[in-house]
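Hi,

Here is the structure I promised to pass on. Have a look at it first, and my notes follow below.

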Amino acid sequence: TRTLTDADLLRIIALMQEYGSIAYAMARAGEFVAAANTDLALFEDSSPKRALSVVADYMVNRDR
């Protein structure tokens with residue numbers, strides 16, 4: 001098996017940024033979170049509902 005060096009990983013990340021795949025993935029994740037929150041709106045307010053919403057928002061908006 002081949003292992004990635006730090007330089008390999010940095011090159012891969014640079015390519016992903018150059019071709020927009022990171023931005024695309026973040027935008028799609030935001031769309032999924034928005035759709036999930038829309039679906040959650042059908043349910044009464046509760047701690048589990050708020051927890052699901054907070055976790056989903058955190059996953060998309062956390063510091064990178």
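A quick definition before the notes: buried means under 20% relative accessible area, exposed means over 50%, and partly exposed is in between (1.4 Å probe, protein chains only). Keep in mind that this is a predicted model, where local features need pLDDT of at least 70, side-chain atom pairs count only at pLDDT 80 or more, and totals for chains, interfaces and linings use all residues. Residues are numbered from 1 along each chain as its sequence is written, and side-chain values use heavy atoms, with hydrogens and water left out.

Let's start with methionine 16. Its relative accessibility is 35%, so methionine 16 counts as partly exposed. You'll find methionine 16 in helix α1 (residues 6-18); helices here are DSSP runs of H or I, at least four residues, numbered from the N terminus. Apart from neighbours within four places in sequence, methionine 16 is in contact with Ser21 and Ile22 (contact means heavy atoms within 4.5 Å).

Isoleucine 22 sits in helix α2 (residues 21-40) and, at 32% relative accessibility, also counts as partly exposed.

Then there's α3, which spans residues 47-61. Which residues of α3 are buried? They are Lys49, Ser53, Ala56 and Val60. These cover an arc of only 65° around the axis, which puts them on the same side of α3; the arc is that of the directions from the helix axis to the C-beta atoms. Pro48, Val54 and Tyr58 are exposed on the other side of α3. The cover over the buried residues of α3 includes α2.

Cheers

Notes. Helix = DSSP H or I, 4+ residues; strand = E, 2+ residues; numbered from the N terminus. Expected span 1.5 Å × (residues − 1).
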